[in-house]
Amino acid sequence: MRRQTWFIRALLIGGVCAANQLHSAEPSAAPGINDRYATDEGRKAALQIFEGEGRESYQMPDEVIRQMELAKGAVVCEIGAGSGYFTPYLSRAVGPNGRVYAEDPQPEFLESLREKVHGQDLGNVEIVLGTYTDTNLPDRTCDVAFVLDAYHHFEWPKPMLDAMAAD
């Protein structure tokens, strides 16, 4: 029951109000939303936003983590982690006996995240390449599913939410 509560909280933190009931065989719920990531220029522009100055002032990561009341040793699945802006905060919150699965469908973003994980010695973080319809996380792994500023990039929300519920 606790996992479901946190799943709902994580979605609310990410600004999600409702889920579209589409299936992966159906047309995208947001056609073209991820097209900018298909080019080097688009990915570089996105990374500048992800890691840009001042993000701490409006994302308030310390406050978000505090509100989440993460237990030491918890397993957090960060869905749509991008370059991992929140990953170090999550990693510290769950401690060395916890685990953070940082998932994203964009390999180039995960490369930036990999550099961050190694540079900050975040030994409790595992990087996972997902798809736009599946997190590729092991089933029944997550104590908390964390989605921040990523839901609007779920082109097929129904299968992604189904995958998250299974995680």
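What is the volume of the largest pocket? In this predicted model, in which residues are numbered from 1 along each chain as its sequence is written, local features need pLDDT of at least 70, side-chain atom pairs count only at pLDDT 80 or more, and totals for chains, interfaces and linings use all residues. Side-chain values use heavy atoms, with hydrogens and water left out.

The largest pocket has a volume of about 550 Å³. A pocket here is an open set of points, on a 1 Å grid over the protein atoms alone, where a 1.4 Å probe fits and with protein on both sides within 12 Å along at least five of seven lines, and its lining residues have an atom within 4 Å of a point; the volume is the space filled by probe spheres set on the points, which are joined across faces, edges and corners. Of the 33 residues that line this pocket, Phe 50, Gly 80, Asp 149, Ala 150 and His 153 are the closest to its centre. Two or more lining residues come from each of helix H2 (40-50), helix H3 (55-59), strand E1 (75-79) and strand E2 (99-104), where helices (H or I, at least four residues) and strands (E, at least two) are DSSP runs numbered from the N terminus. By class, the lining has 17 nonpolar, ten polar and six charged residues; Ala, Val, Leu, Ile, Met, Phe, Trp, Tyr, Cys and Pro count as nonpolar, Asp, Glu, Lys and Arg as charged, and the others, Gly among them, as polar.

The chain as a whole has seven helices and four strands, which follow the pattern α-α-α-α-β-α-β-α-β-β-α when read along the sequence. Of its 167 residues, 50% count as buried, a term that means under 20% relative accessible area, with exposed meaning over 50% and partly exposed in between (1.4 Å probe, protein chains only). Among contacts (heavy atoms within 4.5 Å) between residues at least 6 apart in sequence, 75% join residues at least 24 apart.

Burial is a feature of helix H5 (residues 87-94), which is largely enclosed by the rest of the structure because seven of its eight residues are buried. These buried residues are Thr 87, Pro 88, Tyr 89, Leu 90, Ser 91, Ala 93 and Val 94. After H5 comes Gly 95, whose phi is positive, near 75°.

The structure holds one disulfide, defined as a pair of cysteine sulfur atoms within 2.5 Å, and this disulfide joins Cys 77 to Cys 142 with an S to S distance of 1.9 Å. The pair links distant parts of the chain, 65 residues apart, since Cys 77 lies in strand E1 and Cys 142 in the loop between strand E3 (125-129) and strand E4 (144-147). The torsion about the S-S bond of Cys 77 and Cys 142 is about -90°, and the disulfide is therefore left-handed. Cys 77 is buried, with a relative accessible area of 0%, and Cys 142 also counts as buried, at 3% relative accessibility.

Most residues other than glycine have a negative phi. Glu 69, however, has a positive phi near 50°; this residue is placed in the loop between helix H4 (61-68) and E1 and counts as exposed at 54% relative accessibility. Asp 121 likewise has a positive phi near 50°, lies in the loop between helix H6 (107-119) and E3, and counts as exposed at 66% relative accessibility.
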